[in-house]
Amino acid sequence: MAKNLLIVESPAKAKTINKYLGKDFTVLASYGHVRDLVPKEGAVDPEHGFAMRYALIEKNEKHVEAIAKAAKSADNLFLATDPDREGEAISWHIAEILRERDLIKDKPLHRVVFTEITPRAIKEAMAQPRAIAGDLVDAQQARRALDYLVGFNLSPVLWRKVQAGLSAGRVQSPALRMIVDREEEIEAFRNHEYWSIEAEVAHPSQGFSARLSKLDGKKFVIDTKNIDFSLTNGEDAEAARARIAAAAAGSLHVTDVASKERKRRPSPPFTTSTLQQEGSRKLGFTTRKTMQVAQKLYEGVAIGEEGTVGLISYMRTDSVSLSQDALVEIRDVIARDFGTDSLPDQPNVYKTKSKNAQEAHEAVRPTSALRTPAQVGKFLTDDERKLYELIWKRTVASQMIPATLNTVSVELAAGSEHSFRASGTTVIVSGFLAVYEESKDSKSADDDDEGRKLPAMKPGDRIPLDHIHTDQHFTQPPPRFTEAALVKALEEHGIGRPSTYASIIATLLRRYTEMDGRAFKPTDVGRAVSKFLSAHFSRYVDYDFTAKLEDELDAVAGGTEGWVPLMEKFWGPFKQLVDEKKENLDKIDAGSVRVLGSDPASGRQVSARIGKYGPLVQIGTVEDEDKPRFASLKPGQSIYALDLEQALELFLMPRALGESNGEAVSVGIGRFGPFVKRGSVYASLKKEDDPYAIDLAHAIFLIEEKEEIARNRIIKQWPDSDIQVLNGRFGPYLSDGALNGKIPKDREPASLTLEEAQQLMADTGKPARKGFGAKKAAAKKVATKKAAAKKAPATKAASKAVKKAPAKKVAKKVAAKKAYVSPHPEPAEPLITAAKVELGKKRVIKKPARDEAPF
C-alpha cells in the first residue's frame, strides 16, 4: 500500500492526478459530499448553539469505507477537494470521519489546493500544503443550516396553505419571485401604438435608409420607455409623410456629416456567471449543462500522446484575473497567431463587477493557451469542443487591443422643417473582434447600424429620394427571463452565488416554472407559492435582504463575523413569523384561491384554485350541503387569468357524445389530461384533439385504436414462464413484469424460444418502469404465479434461478451509472417533501463544538 493517501472529489480527477503523482500515492475519490444533515426535524438545534447532526450519505458509504481503509495504512493524508467553500467543507467532513474512527492519530493531515489539473499545478500545490480553513467551513455550514431551517419550517406552511409536497428555499424563493413579478408585468402591460417614418435614399453609389429625426421643426420622438411618441395613429403618420414628401420634392439635402472614432474594450475572461450566460446565448446550453461540460474539461481529457490533462482552470470562480504565467503564454499565442500589432503594451487588467467576489483564484481559462481549439478539438465531444473554444477565444481576446470603430452620422433635410438621420459604423482596427465578441440579450437601434457603411457625402450634397414610408409599431412587454438573463439578474441583485445558479434554476424548472421557448414561464403553482411568500414572508423573498445575508456569509468566510451570531440574528424573527402564520392563515389568504363569481344555475360560488393535483375550477364550497363540483383547466389556461365565463365553460365536461355497441361514449378531462370513454375502456386524446370539439366518430376511432393495440400487445408467451414478448411504444420487447429486455433488430420476435428469451433477459434486462398499470399487472402476475407454483414447482424454481442473475447484474449497472454525477452537488436548497427518505437509521456523526475543532 502506498504511504501517501490523497483524496479528491471525482473519480475522473483521481485518475488524472494519479498519473502525475506516481506509485508512492494512492488517489481516491469521495464522490462529492460524504455527509449531510439528517433529513428530519432537529438536525439543526437552535437551542444548543445550532449544533448539527450529520449522517453518512448512503450512496457514498462505500467510498468512505475505501478512504478509511486506505487511511489506516497511509503515513500521510492529503485532502485535495475543490478550492471553494463546498470543497473545504468536504475536506473537513472527511477529516472528522477519520478522526471519529481514530484513524488520524499523529499522522500529518494536509490540505492542498489547485485550480487546474496539470503536472505543474499539482506539483506546486503539493509543495504548499495548509490547514483546513475553518472560516470557509463555518460559512458553508451556516449556509447549509440556513437552507435547512428555511426548508424545514417554511415548506410545511406551504403544504397546509397551498399544496402538499411543495418546497420553499432561501435563495430559490427570491429567484421565483423575479420570474413571477415579470409575468405579472407582462400581463398588466398595455401596448401603445406608434409610427415611424423612414426615407429610402437613392445615392448613386449605394442606396440606404434614414430615420426621421425632425418633424415640423420639432424633434421627432420615439421613447418606448416613457411612452412618448410624436405619431400615434396611421392618419397622422400618413399626413406627416405627405408633408415631408412635398417639402423634399424628390431629394434630400445633406446638412451635416459627423465622423467619430471610438474604442471598444474586450470583455474580461470568464467567471462562472458570465460563462453560464454566454453558454446559454451562444451555445444554447442550460446552466447545468455548461457546468457539467466544464467539469469534464477541468478534470481531464485524454489528448493523444500528451495523455490525460485538465484543459481549463477551476470553473467556480468570481475572479477575472489571470496568473502571470498564463498571461505570458496568452501574449505569445496572440503574437504568433494574430501579430504583435494585436498586443497591448501591457497586459489588460480587469476588476470584478461582483459586489462580493469570493474564493477568487483565477478566471475560467485554458490551462494552456497553446492548446488551440483546432489542436484539441478532435479529442473532445461536440459539446466539450464548443465550450472549450468559447473559453479559449474569450480568454485570448481579453488580452488583445481594443477594436477601433468609426461611426459616421449624416443629417439629411427635407425642406426647412423636416430632417432624417442615417448612421453607419465600420471597424477600422478589428483588435479583439478578430477572435471574440460578447453576445447580448437584446439588440438596440445602434446595433442595427453596426457594420453598415454609408457612401461618401458632404454638406451641400443633394441626394435623390426614392420614397418615404411609414411603419406601424406597438410597444412590447418586458421579455420573460431566459437562463442567461436570470443568471445576470441574480448576480446583479447579489442573490445566491455563481456556483448555486445551476441548482436554483434546476429546482425552479422541476417545481414552479416551465419553458416557453427559451424563457421561463411560471406555473400556477409557482405563482401561488410566490404570492403566498411575498404576502406573508415578504422579508425572506426580498432581494436586498437575501443579498445582505449573502454578504454576511461572505463575512463569515472572511473571518470577520461569527457564524452562530449570524444564525441567531436570522432564526428568532423567522421562527416567530412562521409560528404566527401557521395559526392565522386560511387558504384564500394564501393566494391559491380566486373567487370568480356565482354559478347562474345554482347560485353557488365559482372559484379557481390550486388543488391536490394542480390548478382547477370549483363550483360550491365544502360548507355547502351539496358536494363541490370540479373541472380541470384547458392547456395554456391559468387560474390567474380565468374569468367566470371561461370557468363555467369547463364544466361542460364530461360531455356525452352518443352510443356505440350499446354503450355510452363520452369525453372528459382527468388528472392526466383529456380522454374519451366507452364502457370501461378509456383512450387518451392526441395533442391535436380538442375535447370540446371532438365528435362521436373520432372518439370511437380512438377507442377502437386503443382496443386494437391491447389485443395485439402480446406477441408470444410461454405457459411455464413469466416472460412475454410484447409490442411496445418503441417496438417489440421482452418483459417478465420486473425486468424489460431487448430483442435484436434482425430477429423475428415471434420466433424466439423460451431459452433464447431467458438469455436475452439475462443480457439486456433492465428494471421495468413502475406505475399504476404496472402495479395492477404485478398483482395479476402474483396470482398467476401462485397457481403455477402448484402445477410446476420445479420449472418455476429453474425460472427464478435464471432471472436472479440478470436482476443482480442490472442493479450493478444502474449503480455504476448513478454513482457519480459531479465532484460535489452544487449547493442546493433543501427540497423537503413528505416522500423524502430519512437517513436516521444510519450512524450519525455529531458535529463537535467549534472550540473543539482541530483546525
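Phe50 sits in the loop that runs between strand E4 (44-45) and strand E5 (51-56), where strands (E, at least two residues) and helices (H or I, at least four residues) are DSSP runs numbered from the N terminus. The model is a predicted one, in which local features need pLDDT of at least 70 and side-chain atom pairs count only at pLDDT 80 or more, while totals for chains, interfaces and linings use all residues. Residues are numbered from 1 along each chain as its sequence is written, and side-chain values use heavy atoms, with hydrogens and water left out.

Two spots in the backbone are worth a visit. Most residues other than glycine have a negative phi, and most peptide bonds are trans. Phe50, although not a glycine, has a positive phi of about 60°. Met653 and Pro654 are joined by a cis peptide bond, with omega about -10°. Pro654 belongs to the loop between helix H19 (644-649) and strand E25 (655-660).

Next come the strands, which pair if DSSP finds at least two bridges between them. Strand E13 (residues 251-264) runs antiparallel to strand E18 (residues 462-474), and three bridges join them. Here Leu252 stands opposite Ile463 of E18. E13 is also antiparallel to strand E16 (residues 403-414), to which eleven bridges join it. In this pairing, Arg264 has Ala403 in E16 as its bridge partner.

Among the helices, H8 (residues 272-283) and H14 (residues 483-493) have axes that come within 8 Å and cross at roughly 160°. Axes are lines fitted to C-alpha atoms, for helices over the stretch in contact, and angles run from 0 to 180 degrees between N-to-C directions. H8 is therefore roughly antiparallel to H14, a term for angles over 145 degrees.

A cavity is a set of points, on a 1 Å grid over the protein atoms alone, where a 1.4 Å probe fits but cannot get out; lining residues have an atom within 4 Å of a point. Grid points are joined across faces, edges and corners, and a volume is the space filled by probe spheres set on the points. The second largest cavity has a volume of about 90 Å³. Its lining has 14 residues, and Val150, Gly169, Arg170, Tyr540 and Val541 are the closest to its centre. Helices H5 (134-161), H17 (543-557) and H18 (563-584) each supply at least two residues of this lining, and H17 gives the most, with three.

Technical notes:
1 Å grid on protein atoms, 1.4 Å probe; cavity = no way out; pocket = protein on both sides within 12 Å on 5 of 7 lines; lining within 4 Å. Parallel < 35°, antiparallel > 145°, perpendicular 65-115°, else oblique.
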